[in-house]
Amino acid sequence: MIQKLLSEVLPLLAWMLLWSVGGWWIARSAFNLRPNEQALVGFGMGMFLQNFFANLLGQVMPVPAAFWVAAALIPLIGLALSFPLNNGRWRELYRIPIHPWQWVSFIALTYVLTLVGRGLSILDDYQNLPTVSILATGDIRPHFPLDPNKIFSYHYSTLLFAAQIMRIGGMQPWDSLDLVRGMGFALAIITSGFWVQRITG
């Protein structure tokens with residue numbers, strides 16, 4: 001059990017922490033966000049940017065090295081944006097407003113939505129699960145699983161993120177895809193709530 005924790009869970013958490021912290025710094029520097037919006041918006045921004053760079057680097061580098069390099073780029077970008085604004089006051093980088101109930105809600109929503117989506121075949125899993133596995137092997141851009149002679153001419157952002165969790169966290173493709181869907185829906189609900197709060201006051 002401890003060996004599994006060290007070999008799978010801790011690397012996954014470290015990988016997520018890299019792009020999360022970088023996303024927080026980027027969001028705070030690039031946008032005029034309220035303090036209660038910064039952490040989760042930054043989490044989503046880090047997730048998006050890391051996936052974007054993983055897609056580019058995965059075409060020229062082996063995985064999972066490309067996934068780790070993509071994650072490491074996010075805090076570097078965040079530092080580059082934050083340093084001039086803080087005039088060298090490094091303590092400002094660690095003052096990220098954390099609202100515990102937001103994270104409790106996010107984790108709870110992710111858990112519930114992951115359970116709701118488990119095993120459902122309504123989202124073309126006959127196509128998506130093989131594609132997650134193909135991406136995890138380093139075939140980026142992936143070939144179409146039903147015809148390897150064709151490039152997968154469809155968006156695969158969610159599938160690529162699931163492939164990264166699969167490789168770094170040692171998860172099965174169906175579990176990683178269910179988790180990514182649940183996380184994405186939960187993040188969309190909460191950030192939509194931020195927008196509604198801004199509109200309605």
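Q: Which residues of α6 are buried?
A: In α6, the buried ones are Leu 159, Leu 160, Phe 161, Ala 162, Ala 163, Gln 164, Ile 165, Met 166, Ile 168 and Gly 169. Buried means under 20% relative accessible area, exposed means over 50%, and partly exposed is in between, using a 1.4 Å probe and protein chains only. The helices here (H or I, at least four residues) and strands (E, at least two) are DSSP runs, numbered from the N terminus.

Q: What does that say about α6 as a whole?
A: Ten of its 13 residues are buried, so α6 is largely enclosed by the rest of the structure.

Q: Before we go on, where does this model come from?
A: It's a predicted model: local features need pLDDT of at least 70, side-chain atom pairs count only at pLDDT 80 or more, and totals for chains, interfaces and linings use all residues. Residues are numbered from 1 along each chain as its sequence is written, and side-chain values use heavy atoms, leaving out hydrogens and water.

Q: And what is the average pLDDT?
A: The protein averages 83, and 88% of the residues score at least 70. pLDDT is the predictor's confidence in each residue, from 0 to 100. Confidence is lowest in α1, with a mean of 81, and highest in α6, at 90.

Q: Back to α6. How far apart are its end C-alpha atoms?
A: They're 18 Å apart, which agrees with the 18 Å that 13 residues should span at 1.5 Å a residue. The expected span is 1.5 Å times one less than the number of residues in the helix. After α6 comes Gly 170, with a positive phi near 65°.

Q: What is Gln 164 in contact with?
A: Gln 164 sits in helix α6 and counts as buried, at 0% relative accessibility. Setting aside neighbours within four places in sequence, Gln 164 is in contact with Trp 15, Gln 50, Asn 51, Ala 54, Phe 67 and Gly 169. Contact means heavy atoms within 4.5 Å.

Q: Which residues touch the most other members of the largest nonpolar core?
A: Those are Trp 15, Trp 19, Phe 43, Phe 67 and Phe 106, in a core of 49 residues. Seven helices each supply at least two residues of this core: α1 (2–30), α2 (35–57), α3 (65–86), α4 (100–117), α5 (125–136), α6 (157–169) and α7 (173–200). A nonpolar core is a set of buried Ala, Val, Leu, Ile, Met, Phe, Trp, Tyr and Cys residues joined through side-chain atoms within 4.5 Å.

Q: Pick Phe 43. What does it touch?
A: Not counting residues up to four places away in sequence, Phe 43 touches Met 16, Trp 19, Ser 20, Trp 24, Trp 103, Phe 106, Met 183 and Leu 187.

Q: Is Met 16 buried or exposed?
A: Met 16 is buried, with a relative accessible area of 16%. It lies in helix α1. Beyond four places in sequence, Met 16 touches Phe 43 and Met 183.

Q: New topic: which residues of α5 are buried?
A: Asp 125, Gln 127, Asn 128, Thr 131, Val 132, Leu 135 and Ala 136. Seen down the axis of α5, they fall within an arc of 155°, so they line one face of the helix. That arc is taken from the directions from the helix axis to the C-beta atoms.

Q: What covers them?
A: The cover over the buried residues of α5 includes α6 and α7.

Q: Where are the cis peptide bonds you can tell me about?
A: One joins Val 63 and Pro 64, with omega about 0°, and Pro 64 is in the loop between α2 and α3. Another joins Ile 140 and Arg 141, with omega about -5°, and Arg 141 lies in the loop between α5 and α6.

Q: What about Ile 189, where is it?
A: Ile 189 is in helix α7. It's partly exposed, with a relative accessible area of 46%. Ile 189 touches Leu 109 and Leu 113, not counting residues up to four places away in sequence.

Q: Last one: how many helices and strands are there?
A: Seven helices and zero strands. Of the protein's 201 residues, 41% count as buried.
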